[in-house]
Amino acid sequence: MGAALALASRGIGLSTPNPSVGCVLVNDGRVVARGRTSAGGRPHAEAAALTAAGPAARGATAYVTLEPCAHHSQRGPSCAGVLIAAGIARVVVAALDPDPRTNGEGAARLRAAGISVVTGVRAAEAEAGLAGFLTRQRHGRPHITLKLAVSLDGAIALADGRSRWITGERMRAAAHLLRARCDLIVVGRGTWDADKPALDVRLPGLAARSPRIGVVGRAGGLPAHVSHFADLVALAGDSALNILAEGGMGLAASLLGADLVDELLLHRAPILIGGGRGLGDISLDDLADAHGRWQAAPIVTLGADRIERYTRTR
């Protein structure tokens with residue numbers, strides 16, 4: 001399952017509108033094939049692995065990071081069906097699929113065909129990688145990550161608005177990797193006008209994974225390749241699975257105030273700014289309302305900087 005999870009991770013940001021799923025086929029103690037969801041969502045991971053395995057799939061165990069789908073669509077047959085047809089003997093599943101067209105039906109179809117099914121293996125890790133898909137299924141909108149580069153005293157810019165650079169080179173490289181794993185990256189109109197950010201991926205070998213660019217706020221004067229969102233309602237209605245919000249202060253406060261942030265990343269540098277700019281009003285009426293909303297993940301250190309990751313408790 002660890003190999004399947006690693007495969008799935010490679011496709012995050014490429015597989016939309018489908019989730020990135022990994023599948024590993026093992027027969028007689030030997031890996032006979034691997035597959036992950038292809039760019040654009042098809043073929044699915046199971047179909048890719050079965051094609052690679054050929055006859056070696058018969059009698060094999062399939063390790064899959066998401067429950068095989070149970071519905072046939074215009075884009076292809078159900079994964080439960082192709083696993084049955086290939087003669088798979090056992091299926092080990094990490095996370096169950098909340099899509100109402102599957103939602104346990106995939107596992108049920110496999111069991112009805114005499115296939116042994118085990119579920120919940122490393123489910124938490126799988127769900128972390130499937131965050132965009134799961135948020136879409138459960139809340140009907142994209143999964144939104146807000147990334148802020150901050151100082152020790154919580155400032156995200158100097159008093160005059162300048163914010164280049166708060167963190168060091170290694171942290172900025174991590175931010176580019178984060179961009180490569182999302183479908184859409186957005187900034188507020190003020191940040192766009194002031195900085196004209198490229199918002200691309202500038203890591204060797206990953207330039208082609210630069211996400212779609214969007215600006216939230218006033219229309220007019222935007223390049224043709226930049227998507228415009230008049231407000232947060234329009235942003236939440238986008239077809240992306242994973243959205244990264246990178247700047248600026250107004251957009252960050254608005255997203256937090258509207259409770260649309262699912263993951264908060266603080267890229268914190270060991271510097272003091274003093275008198276700098278921080279977040280604006282996030283519509284918090286009482287301090288009691290601020291508690292219990294965020295769950296902290298282990299801190300990751302990159303050079304002198306550190307990544308503080310918080311997921312919204314819902």
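Visitor: Which residue just after α4 takes a positive phi?

Guide: G114 does, with a phi of about 90°. Helices here are DSSP runs of H or I with at least four residues, strands are runs of E with at least two, and both are numbered from the N terminus. The model is predicted, so local features need pLDDT of at least 70 and side-chain atom pairs count only at pLDDT 80 or more, while totals for chains, interfaces and linings use all residues. Residues are numbered from 1 along each chain as its sequence is written, and side-chain values use heavy atoms, leaving out hydrogens and water.

Visitor: Which residues of α4 are buried?

Guide: Buried means under 20% relative accessible area, with a 1.4 Å probe and protein chains only. In α4, residues 105–112, the buried ones are G106, A107 and L110. Because they fall within an arc of 95° when seen down the axis of α4, they line one face of the helix. The arc is taken from the directions between the helix axis and the C-beta atoms.

Visitor: What do they pack against?

Guide: The buried residues of α4 pack against α3 (79–85), β4 (90–95) and β5 (116–118). Contact means heavy atoms within 4.5 Å.

Visitor: Which residues of the largest nonpolar core touch the most other members?

Guide: A nonpolar core is a set of buried Ala, Val, Leu, Ile, Met, Phe, Trp, Tyr and Cys residues joined through side-chain atoms within 4.5 Å. The largest has 36 residues, and L25, A62, I88 and V91 touch the most other members. The largest share of this core, 5 residues, comes from β4. Leaving aside neighbours within four places in sequence, the contacts of V91 include A62, L83, L110 and V118. A second, separate core has 22 residues, among them L146, V216, L232 and L235.

Visitor: What is the volume of the largest pocket?

Guide: About 1400 Å³. Its lining has 44 residues, and those closest to its centre are A128, G129, A131, H143 and E263. A pocket is an open set of points on a 1 Å grid over the protein atoms alone, where a 1.4 Å probe fits, with protein on both sides within 12 Å along at least five of seven lines; lining residues have an atom within 4 Å of a point.

Visitor: Which element gives the most to the lining of the second largest pocket?

Guide: α7 does, with 7 residues. This pocket has a volume of about 900 Å³. It is lined by 38 residues, of which K147, S163, W165, D195 and E246 lie nearest its centre. Elements giving two or more residues to this lining include β6 (143–150), α7 (169–179) and α8 (189–195).

Technical notes: Buried means under 20% relative accessible area, exposed over 50%, partly exposed in between (1.4 Å probe, protein chains only). Grid points are joined across faces, edges and corners, and a volume is the space filled by probe spheres set on the points.
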